[in-house]
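At each stop, select the residues named and look at them before reading on.

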Amino acid sequence: MRAASELDVKGRRVLVRADLNVPLDGETITDDGRIRASVPTIKDLAARGARVIVCAHLGRPKGSPNAKYSLRPVAARLGELLAAEGVAGEVAFAADVVGESARSTVDGLADGQVALLENLRFEPGEESKDDAERGAFAAKLAALAELYVGDGFGAVHRKHASVYDVPKILPHAAGGLVLAEVEVLRRLTVEPARPYAVVLGGAKVSDKLGVIANLLAKVDRLLVGGGMAYTFLAAQGHEVGGSILQKDQLDQVRGFIDEAAKRGVELVLPVDVLAATEFAADAPHKVVDATAIPADREGLDIGPRTRELFAAKLAGAGTVFWNGPMGVFEFDAFAGGTRAVAEALVASDAFTVVGGGDVVAAVRTLGFPEDGFSHISTGGGASLEYLEGKTLPGLAALED
């Protein structure tokens, strides 16, 4: 992939596909991590005299305008962050994507200025499965610019107009964020430093079937926590009470357990859990053996012995990839397991990568500094699909 830094951008209109899909509470951004991650590429282009047109999506408005999903608050925050980096002027905001407001906003840009278009997903053509409809929208979007920079790694697994079709129309390059993410993921898949440990959590095994299957051929140690651990425990014949359980995945998980044993991969499951009477922040709970969860309780976090076990298994690793929290970290009483894994990674000398929206939100919510890890991925589903070995449409388009 050609790097955006190689493009001659002075005086030219450059469309940057960014990932600005941040959580909002009304119009308040509760985690601006993805905006901050997009700043370096936008700053570099503006500093070199480009007229920067940023496009992105937010949420799932399903192809029609919805004030709840407007990018207007994001434009304000992006402007603040760019100003702090020395980029002069406010970020101009277009009230539509390819309409009159977008065209006039772009026409009003001077060299070194930045604009943000309204939510791409307000346009049905952005996500359309129909190639012609998607292509027609891509043509309108491409008409706003002369060059294209793909820098929204969190969307590169989607065959969407702004990700896949526009770079087929315009001269294109990859932004610094995409290049950094790809380099990190290659380090996880091509000759990683060993021992190579992967920590998987989150609610459902079904969300990670492909990545587990692919990683079993690459890793030395697989640690499983979170809600998905209870399906693994049930697959071994243990009682999991009212814990989250995907019964339709039991055979699949038994296959994973057998495959891990066959390949010599150390599979590490919880040995104790915090079992609560209900799913609530203030629910009464107690520590129980993971193999004997009472029928009237549900596991909401890994227990203290498991935290020590997981920390010990991570201590000597050369590479660690972590996706998914260990418990319901949003509730203080059940955040200890996730905190313990984060502490183990921060203390480690390994190459440590944290990926996936929930676990990234968790480490930030729990107050861990980003520089405590080798890399915090913005990728989410894109990272997992890369680790599954899938071809990502947005990366393929940038490689052409």
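In which loop is Lys-62 found? Select Lys-62 in this predicted model, and you will find this residue in the loop between strand 4 (51–55) and helix 2 (72–84). The backbone deserves a careful look here, for Lys-62 has a positive phi of about 65° although it is not a glycine. As background, most residues other than glycine have a negative phi, and most peptide bonds are trans. Lys-62 also counts as exposed, because its relative accessibility is 75% and the cut-off for exposed is over 50%.

Next, go to the loop between helix 7 and strand 9, and select Glu-191, which is found there. Its phi is near 50°, a positive value in a residue other than glycine, and Glu-191 counts as exposed, with a relative accessibility of 77%. Stay in this loop, between helix 7 (176–189) and strand 9 (196–200), and select Pro-195, which also lies there. The peptide bond that joins Arg-194 and Pro-195 is cis, with omega at about 5°.

Is Arg-17 buried or exposed? Select Arg-17 in strand 1, which covers residues 13–17, and show the surface: this residue counts as buried, because its relative accessibility is 2% and buried means under 20%.

The next stops concern charged pairs. Side chains of opposite charge can pair when their charged atoms come close. In the whole structure, a search finds 26 salt bridges, and a few of them are visited here.

Begin with Glu-146 and Arg-12, whose side chains meet in a salt bridge with an N to O distance of 3.9 Å. This pair links distant parts of the chain, with Glu-146 in the loop between helix 5 (131–142) and strand 7 (147–150), and Arg-12 in the segment before strand 1, 134 residues apart. Glu-146 counts as partly exposed at 28% relative accessibility, and Arg-12 is partly exposed too, with a relative accessible area of 31%.

Then select Arg-221 and Glu-266, whose side chains form a salt bridge at 3.0 Å, again taken from N to O. Here too the pair links distant parts of the chain, for Arg-221 is in strand 10 (residues 221–224) and Glu-266 is in strand 11 (residues 266–268), 45 residues apart. Arg-221 is buried, with a relative accessible area of 18%, whereas Glu-266 is partly exposed, with a value of 28%.

How many residues apart are Arg-263 and Glu-259 in helix 10? Select both of them in this helix (residues 250–263), and you will see that they lie 4 residues apart, about one turn of the helix. Arg-263 forms a salt bridge with Glu-259, and the closest N and O atoms are 2.7 Å apart. Both count as partly exposed, Arg-263 at 48% relative accessibility and Glu-259 at 25%.

For the last stop, select Asp-31, Asp-32, Arg-36, Arg-77, Glu-80, Arg-364 and Glu-370 together, and display their side chains, for salt bridges that share partners join these residues into one network.

Methods. Residues are numbered from 1 along each chain as its sequence is written. This is a predicted model: local features need pLDDT of at least 70, side-chain atom pairs count only at pLDDT 80 or more; totals for chains, interfaces and linings use all residues. Side-chain values use heavy atoms; hydrogens and water are left out. Helices (H or I, at least four residues) and strands (E, at least two) are DSSP runs, numbered from the N terminus. Buried means under 20% relative accessible area, exposed over 50%, partly exposed in between (1.4 Å probe, protein chains only). A salt bridge is a side-chain nitrogen of Lys or Arg within 4 Å of a carboxyl oxygen of Asp or Glu.
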